[in-house]
Amino acid sequence: MDLFHNLAIGFATAAQPANLLYAFFGCLLGTLIGVLPGLGPLATIAMLLPITYALQPDAALIMLAGIYYGAQYGGSTTAIVVNLPGESSSVVTTIDGYQMAKQGRAGVALATAAIGSFFAGCVATLALAALAGPLTATALLFGPKEFFALMILGLILASVLSSGPFIEGIGMVVLGMLLSLVGTDLNSGSQRFAFGVPQLFDGLDFVPLAMGIFGFAEIVKNLEQDDKLSLVTQKITNLFPTREDFRRMVPAILRGTALGTLLGVLPGGGAVLSSFASYTLEKKLSRYPEQFGKGAIEGVAGPESANNAGAQTSFIPLLTLGVPSNVVMALMIGAMNIHNIHPGPEVMTKNPTLFWGLIVSMWVGNLMLLILNLPLVGLWVKLLTIPYRYLFPAIMVFCSIGVYSINSGTFEVYEAAVFCVFGYVLVKLQLPAAPLLLGLVLGPAIEENFRRAMVLSRGDAMVLFTSPLSASLLAAAAIAILLIMLPTIRARREEALQE
Amino acid sequence: MKGLAIRNQRAFASGALFLAFAVFFFVTALQYPAGTAAKMGPGYFPRALAIVLAAIGLVVILSAVKPAAEAQALRRWDLKGLAWITGSVVLFGALLFPLGLVGALFVLVMVSSRASPEFTWTGALANAAVLIVLCLAVFVYGLGLPLPVWPSFLN
């Protein structure tokens, strides 16, 4: 079997001592920032991106991936123990997880989250391995117009799934695309929107922008709202779920895993969407809907499985088509570019050891996380007693050094400062930043493919609708827009995405 | 035009922001040749995007002033916190070369700590000391990043 052969290649890469070490380091860091509210995988990956320059490409990607799915584990700990989402993907876990903790079942809730996450991580790794081949083959059918249509679909879905009014999400996407045009136009070689600033000739760098908005501006926002942490003071003793707990959590874990695996692949999907969808599903299907919100174990098992599955399968569109499904994946493109790897179908054929090594490392990482999280949970909870006034200057320090290290220059530091102000404006206007960053990352590729498609069709835009593949992708995007206009779905969406 | 009141201030400001960016990009893009659909110049795509963004901005503005719009005020701005945080980043950039990493980090931690309502001098000083040692150990000696550690006049 090809699959086993490929997984064997992956194991050989992932099991190298250096890669094991970086996987462990990524998972450890992921758990750490997952536990801490106010610091997410996005800012952390952006922070470490320039530093990975010194690493081997496979070690770098393995570590960065570990941060993303490790954060899914850590986020649940904070949600359960302090009733505060450590990550946005564990918002729903606070509902029933904290209630379980109040009933003295914090240990069981934590174990449930860890077991669910681990199972989901294993399934998602297999799904990733099994789907990668066929999807990469599909990518070869894609020409410029199909890629254009696929990216449009991705951006529309990302706006549909972002919080706030849909039209404002789309506006942020378009604004991001406009910002992406800054720099040298590859077709004509002329400068656009650079205003003679040489540092802008290569375009606006993604990292200072992400750091300004998700690192610095986020700190200003957090400082305004002084949430007092309410720790569950009692010791976490019993980690073992009862037989009854198992009976109820297993179906929820299975459903959450399936849902997360599917929704992660969707452009615009990922961990956050998966956890919300799973909670809704569990509440609908449960024989005890009245227990939801009062410590139902399904309310922890389902979403926690779903967010981990979604985090991992969101790598599928990135690795096979080169299209990021969410902002963290967009950052992974940045990491690949640093090492001269071009995300897309060629990764699997040109760098099979990196490709399969990354996939297998996710399974290894999940195993590490299970060990890191369950026995050491007391340590993570202690971390939450560090006051934010000591924590945020540390984030400032790491972000600033990270931004400086992109080019060993201070221009990027000032750029991040500008985007800190811009990010604060977005916070105040409640405009979602994620679609902006996706637009920024996909903008150049969209323009390139659009221009190529138009050259091939001699300027006839109808060609986008005559190719069956691109027509159906655009139709899917149109349906998504129409659906969101329907009043009932609109109300539902607002309910699900409100935070 | 007396019936037109800005009911949703938040949406109105968002729409105005979109519109302002659209105008800026469109006007700037006028310098670049547009070409034709079959042979696009560097100005074609930016103009098209700017028009789309302007349209979105107008729709958002209209939705904010229509009589049925949900009334929503602008949130309160905390310019002090923003100024401390942004200022500390700018200072870090400005001081990194003249003062070196140790001095720039010290200023960064001390200035940004002021943004917290629970600021204390001893706490911030201790935090700065810990973070400087940590950064030197991890970034300079551990990862070997090319950072100027000490003030330039010492070299």
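Author: Two residues are in contact if their C-beta atoms, placed from the backbone, lie within 7 Å. The model discussed here is predicted.

Reader: Leaving aside neighbours within four places in sequence, which residues is A:Ala210 in contact with?

Author: The cut-off for a contact is 7 Å between C-beta atoms. With neighbours within four places in sequence left aside, the contacts of A:Ala210 are A:Leu42, A:Ala46, A:Leu331 and A:Leu437.

Reader: Which residues of the largest nonpolar core touch the most other members, and which helix of chain A gives the most to this core?

Author: This core holds 223 residues, and those touching the most other members are A:Ala46, A:Ala210, A:Met211 and A:Leu331. From chain B, the core draws at least three residues from each of domain 1 (9-65) and domain 2 (79-154). The helix of chain A that gives the most, with 18 residues, is H6 (residues 106-139).

Reader: How many residues does each chain bring to the contact between chain A and chain B, and which helix supplies the largest share of the side of chain B?

Author: Chain A brings 53 residues and chain B brings 58 residues. On the side of chain B that touches chain A, at least two residues come from each of H1 (9-29), H2 (44-65), H3 (79-113) and H4 (121-142) of chain B. That side divides into 39 nonpolar, 14 polar and five charged residues. Its largest share, 15 residues, comes from H3(B).

Reader: What distance separates the centres of domain 1 and domain 2 of chain B?

Author: Chain B is divided into domain 1, residues 9-65, and domain 2, residues 79-154. Taken over C-alpha atoms, the centres of these two domains of chain B are separated by 40 Å.

Key: Residues numbered from 1 in each chain as written. Chains lettered and ligands numbered in written order. Predicted model: local features only at pLDDT ≥ 70, side-chain atom pairs only at ≥ 80, totals over all residues. Core = buried A, V, L, I, M, F, W, Y, C linked by C-beta atoms within 7 Å. Buried ≥ 20, exposed ≤ 12 C-beta atoms within 10 Å, placed from the backbone. Helix = DSSP H or I, 4+ residues; strand = E, 2+ residues; numbered from the N terminus. Domains from an automatic or database assignment. Nonpolar A, V, L, I, M, F, W, Y, C, P; charged D, E, K, R; others polar.
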